[in-house]
Amino acid sequence: MADKPPQLRPWGGRKKGRHAGLILTVLVVITFLIAAALVIGINFLATYLDLRFPHTVFTVAITGVTGLDRPARDVVDPPTSPTTAAAAAISPVFNLTFQTDNKESWGFDACVPGLSTADVSYRGVFLATGSVPPLCTGENRRSDPVAARASGENVTVPKLVSDQLAAELAAGDASVDVKVTMPTYCQYQSCGGAVLSCKPKIIGGGSGTTSPAACRLEQGWSRWPKFFRSFL
């Protein structure tokens, strides 16, 4: 039998196959990068709109304060030691009132969930802590005020900070930082940890009711590093 003639392959067949596989891989990678960029961009835009134009406004007011004065013995008998003069122990109690205004919402409830806690501080110095009762407001509604109490016992406050607070209280221009930690805050059908940062004023040395101070809601993407938050 005569030998079969050799079968010739098209010139460059293997190279074309390799090039096609490489092009397909590049297209898949580019598609993935575009999809990831779209997801990040949409979340970034949603965060920007939430921060600039919040649909829900959380507020807190201080309705009463006790225990912010330095102990009388520190005034009558000033300590002679620099160590003991550096700080004083106080036991403050803050009466707080929380409220939510959800009139601009887009079909969702605004809630401060259970197990939320409020920490009160002044110039970075911790003063008091307490639990916040659950609070939930339907869409296009405003909640009734909800009372909470934060307290501290024998809290050590540096003398310089204590003197500054006393001066601001005397001038009627004192304010504290209230940080509400919410472990399961839900919005847009997604849930996660969130924080309310508020700065209410203390009126009349703590004996008067303050105007509610608006809080800043920080959750998820709004707690990006400073580099990203600088664009918001």
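Let's start with the nonpolar surface patch: Leu22, Val26, Ile30, Ile34, Leu38 and Ile42 make one of about 590 Å². Patch members have over 30% relative accessible area and no salt bridge, and nonpolar side chains (Val, Leu, Ile, Met, Phe, Trp, Tyr) are joined within 5 Å. A salt bridge here is a Lys or Arg side-chain nitrogen within 4 Å of an Asp or Glu carboxyl oxygen. Areas are Shrake-Rupley values with a 1.4 Å probe, and for residues only the protein chains shown count as cover.

Please keep in mind that this is a predicted model: local features need pLDDT of at least 70, side-chain atom pairs count only at pLDDT 80 or more, and totals for chains, interfaces and linings use all residues. Residues are numbered from 1 along each chain as its sequence is written, and side-chain values use heavy atoms, without hydrogens and water.

So where does Ile34 sit? Ile34 lies in helix H1, residues 13–52, and is partly exposed at 48% relative accessible area (buried is under 20%, exposed over 50%, partly exposed in between). Helices (H or I, at least four residues) and strands (E, at least two) are DSSP runs, numbered from the N terminus.

Now to strand E9, residues 155–158: Val155 and Val157 form its covered face, Thr156 and Pro158 the uncovered one. In a regular strand, side chains alternate between the two faces of the sheet. E9 pairs antiparallel with strand E2, residues 87–90, over four bridges; pairing takes at least two DSSP bridges. Thr156 is the bridge partner of Ala89.

Finally, the whole chain: five helices and 15 strands, with 33% of its 232 residues buried.

Technical notes:
Patches are made of residues with over 30% relative accessible area and no salt bridge: like charges are joined within 9 Å, nonpolar side chains (Val, Leu, Ile, Met, Phe, Trp, Tyr) within 5 Å. Buried means under 20% relative accessible area, exposed over 50%, partly exposed in between (1.4 Å probe, protein chains only).
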